[in-house]
Amino acid sequence: MAPAVALAVLVALVAPVAPGLGAAPGCDHPAHRWCSSRDVAVACQVQGRCPSLPRPAAAPVELSLYYESLCPACREFLVLELFPTWLLLPEEMLNITLVPYGNAQERNVSGRLDFQCQHGPEECLGNMMEACLMHEAKNFSTFFPVIFCLESGSSVTENLEAAAVPLSVPCARQCLQIYAPELDSGRISACVRGDTGVALMHRNAQLTEALDPPHQYVPWITINGKHTDELQAQAEASLLGLVCHLYQGEKPEVCGGSKAPKIPPGCRR
């Protein structure tokens, strides 16, 4: 075969992948291998000509919720928006951080930290219960269904006295038994009653106080580390739609469109 004919055949074979036969200097892979893997395509600088290559993994959307356990608007957002969105989306799309503290105030009383909460002592106890649950469970998929169960009930701390063991509350005990029976309820109760729970709430106070801009109400939502009025409104109106819009990777079918009920204004200072 004449050299000119051979070159024409080669061009015809590789043109769909590499128009003009352009590859990076020093690419030591034959043209028919340029799209065999992402590493080879990058080395030959032809990745833009290889539509069949798998897309690189996209970073998840990072959402942080600063809330109070007994705040009605916080509970509605968590129950009606956040939990359903988490259930519907693949794990790699959404990373959630929960910070139960909100509009609470931290003070030092005789050398020991004490907390005052917007909705009273029961809310402080509910905040600490959920913080200790997260601490003991560690795995988000373990503790989030329990928190959803608590927040969706008639009262997070129903029939609870300040001195009672938190998990003597029927609702709390049932939520734990149903969604995370492997967790040690005694360890969670010890956390709530001891120094660990206080340390966890102090950390939540620091995280909340460090917000920029400072939080003005709860629920206070940050998306990828940022808070704006527009992001807050979009998250409250349709969190699923917002996450689907922001995620840069391949999107699941559920991102075709969904709108959840409008959430009422938060618990303001």
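**Close-up views of a predicted model**

View 1. Phe83 counts as buried, since its relative accessibility is 8%. The model shown here and in the other views is predicted. Phe144 also has a value in the buried class, at 0% relative accessibility. Phe83 belongs to helix α3 and Phe144 to helix α5, so that the pair links distant parts of the chain, 61 residues apart. A search of the whole structure finds nine aromatic pairs. The rings of Phe83 and Phe144 make an edge-to-face pair, with 5.2 Å from centre to centre and 65° between the planes. One aromatic cluster takes in Phe83, Trp86, Phe140, Phe143, Phe144 and Phe148.

**View 2. Helix α5, residues 140-152.** The helix has 13 residues, and at 1.5 Å a residue these should span 18 Å. Of the 13 residues, 11 are buried, so α5 is largely enclosed by the rest of the structure. The buried positions of α5 are Phe140, Thr142, Phe143, Phe144, Pro145, Val146, Ile147, Phe148, Cys149, Leu150 and Glu151. Among them, Phe140, Phe143, Phe144 and Phe148 are members of the aromatic cluster that also holds Phe83 and Trp86.

**View 3. The open sheet β2-β1-β6.** Three strands make up this open sheet in the order β2-β1-β6, with mixed pairing. The edges are taken by β2 (94-100) and β6 (220-223); each has a single partner strand, so one side of each is left without a neighbour in the sheet. On average, neighbouring strands of the sheet are turned by 15° against each other, direction ignored. Strand β1 (residues 61-67) and β6 run antiparallel and are joined by four bridges. Opposite Tyr66 stands Trp220 in β6.

**View 4. Surroundings of Asn127.** Asn127 lies in helix α4. The residue is buried, with a relative accessible area of 0%. Leaving aside residues up to four places away in sequence, Asn127 touches Glu68, Ser69, Pro100, Tyr101, Cys117 and Met201.

View 5. Tyr101, one of the residues touched by Asn127, is buried at a relative accessible area of 2%. Phe115 is buried too, with a relative accessible area of 13%. Tyr101 and Phe115 form an edge-to-face aromatic pair, 6.3 Å centre to centre with 90° between the planes. Tyr101 is in the loop between β2 and β3 (105-109) and Phe115 is in strand β4, so the pair ties together parts that are 14 residues apart in sequence.

View 6. Side chains of opposite charge can pair when their charged atoms come close. Asp114 forms a salt bridge with Arg107, and their closest N and O atoms are 3.1 Å apart. Asp114 is partly exposed at a relative accessible area of 27%, and Arg107 is partly exposed at 41% relative accessibility. Arg112 forms a salt bridge with Asp195, where the closest N and O atoms are 3.2 Å apart. This pair links distant parts of the chain, with Arg112 in strand β4 (residues 112-116) and Asp195 in helix α8 (residues 195-209), 83 residues apart. Arg112 is partly exposed, its relative accessible area being 41%, whereas Asp195 counts as exposed at 56% relative accessibility.

**View 7. The salt bridge between Arg187 and Glu136.** The closest N and O atoms of Arg187 and Glu136 are 2.9 Å apart in this salt bridge. Arg187 sits in helix α7 (residues 185-193) and Glu136 in helix α4 (residues 121-137), so the pair ties together parts that are 51 residues apart in sequence. Glu136 is buried, with a relative accessible area of 18%.

How values were computed
Residues are numbered from 1 along each chain as its sequence is written. This is a predicted model: local features need pLDDT of at least 70, side-chain atom pairs count only at pLDDT 80 or more; totals for chains, interfaces and linings use all residues. Side-chain values use heavy atoms; hydrogens and water are left out. Helices (H or I, at least four residues) and strands (E, at least two) are DSSP runs, numbered from the N terminus. The expected span of a helix is 1.5 Å times one less than its number of residues. Buried means under 20% relative accessible area, exposed over 50%, partly exposed in between (1.4 Å probe, protein chains only). A salt bridge is a side-chain nitrogen of Lys or Arg within 4 Å of a carboxyl oxygen of Asp or Glu. Two strands pair if DSSP finds at least two bridges between them. Axes are lines fitted to C-alpha atoms, for helices over the stretch in contact, and angles run from 0 to 180 degrees between N-to-C directions. Rings of Phe, Tyr and Trp (its six-membered ring) pair if their centres lie within 6.5 Å; planes under 30 degrees apart count as stacked, over 60 as edge-to-face and the rest as tilted. Contact means heavy atoms within 4.5 Å.
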